[in-house]
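Q: Before we go further, could you show me the sequence and the model, so that we can read the features together?

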Amino acid sequence: HKIINGIKTTTDNNGLTFNKDKGDKGDFYFIRRTNSIRIQSGILTCVENLIKNCGYSLKDIQILSTMRRGELGVAKLNQLMQKKFNPKSYNKKEIKIGDRIFREGDKVIQTINNYDLNIFNGEVGNIIEVRKNSKEEVVIVDFDDKVVEYDKKILVELMLAYVITVH
């Protein structure tokens, strides 16, 4: 997806930045906040509003951060996004790898090239199934053009992708 409204911007009273030549609020938003708790809350509220009021789904929305750690890093923001938009549920299976939880319905990103699976760094998909039994623990991810099966030992190649870094 191409960001159309990245130039010639103006700010409305809510801190939303948009392309004034278009006369609408388009597909790119910048929300000015100075407190990390207000920023976290603002992100969650903005995403909720885009889903409820504008017809977007989580697949349509990508949040960008400049850092991995801290209150505004991708790790923390992904945890908050997962908790709000794909919470733990008895009807969704999940698997824990270290301090990360992968749950059916989660948006994920491949973090390294894996030539054996034909999946590459930066590809984003959705977990469609978590299969756990006495013999195996498997996560199945739909990457739009292919479905990839991950066993537990290579799940370290995945991260939640509600929020990703800019680099």
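Predicted model: local features only at pLDDT ≥ 70, side-chain atom pairs only at ≥ 80, totals over all residues.

Q: In what sense do strand 8 and strand 9 pair, and over how many bridges?

A: Two strands count as paired if DSSP finds at least two bridges between them. Strand 8 and strand 9 pair in the antiparallel sense, over 5 bridges. Their hairpin has 4 residues between the strands, and in it Asp-144 takes a positive phi near 70°. The backbone nitrogen of Asp-144 is also reached by the side chain of Asp-142, at 2.8 Å; such a polar contact is a pair of N or O atoms within 3.5 Å, where within protein one must be able to donate a hydrogen and the other to accept it, and residues adjacent in sequence count only if both atoms are side-chain atoms.

Q: How does strand 7 pair with strand 8?

A: Strand 7 and strand 8 are antiparallel as well, with 6 bridges, and they form a hairpin with 4 residues between them. One of the bridges joins Arg-131 to Val-138 in strand 8.

Q: Why does Asn-126 count as buried?

A: The classes rest on relative accessible area: buried means under 20%, exposed over 50% and partly exposed in between, with a 1.4 Å probe and protein chains only. Asn-126, which is found in strand 7, counts as buried because its relative accessible area is 16%. Leaving out residues up to four places away in sequence, Asn-126 touches Lys-59, Gly-105, Asp-106, Lys-107, Ile-140, Val-141 and Asp-142, a contact being heavy atoms within 4.5 Å.

Q: Which class does Asp-142 fall into?

A: Asp-142 belongs to strand 8 and, at 26% relative accessibility, counts as partly exposed. With the same exclusion of residues up to four places away, Asp-142 touches Gly-125, Asn-126, Ile-128 and Val-147. Asp-142 and Val-124 are 18 residues apart along the chain, and their C-alpha atoms are separated by 8.7 Å.

Q: Which residues touch the most other members of the largest nonpolar core?

A: In soluble globular proteins, nonpolar side chains tend to be buried together. A nonpolar core is here a set of buried Ala, Val, Leu, Ile, Met, Phe, Trp, Tyr and Cys residues joined through side-chain atoms within 4.5 Å. The largest such core has 30 residues, and those that touch the most other members are Val-47, Met-81, Phe-102, Val-139, Val-141, Tyr-150 and Leu-158. Among the elements that give two or more residues to this core are helix 1 (36-54), helix 2 (74-85), strand 8 (137-142) and strand 10, and the largest share, 5 residues, comes from helix 1.

Q: Where does Leu-158 lie, and what is Leu-158 in contact with?

A: Leu-158 lies in strand 10, residues 158-160, and counts as buried because its relative accessibility is 0%. Neighbours within four places in sequence aside, its contacts include Phe-102, Val-141, Phe-143 and Tyr-150. Leu-158 and Val-124 are 34 residues apart in sequence and 9.5 Å apart in space, C-alpha to C-alpha.

Q: What span should helix 1 have?

A: The expected span of a helix is 1.5 Å times one less than its number of residues. Helix 1 has 19 residues and so should span 27 Å, which agrees with the 26 Å between its end C-alpha atoms. At the N-terminal end, Asn-35 caps helix 1, with a side-chain oxygen 2.8 Å from the backbone nitrogen of Ile-37; just after helix 1, Gly-55 takes a positive phi of about 80°. The buried residues of helix 1 include Ile-43, Leu-44, Val-47 and Leu-50, and what covers the buried residues includes strand 3 (63-65) and helix 2.

Q: How many helices and strands does the protein have?

A: The protein has 2 helices and 11 strands, and buried residues make up 37% of its 167 residues.

Key
Residues numbered from 1 in each chain as written. Heavy atoms only, no water.
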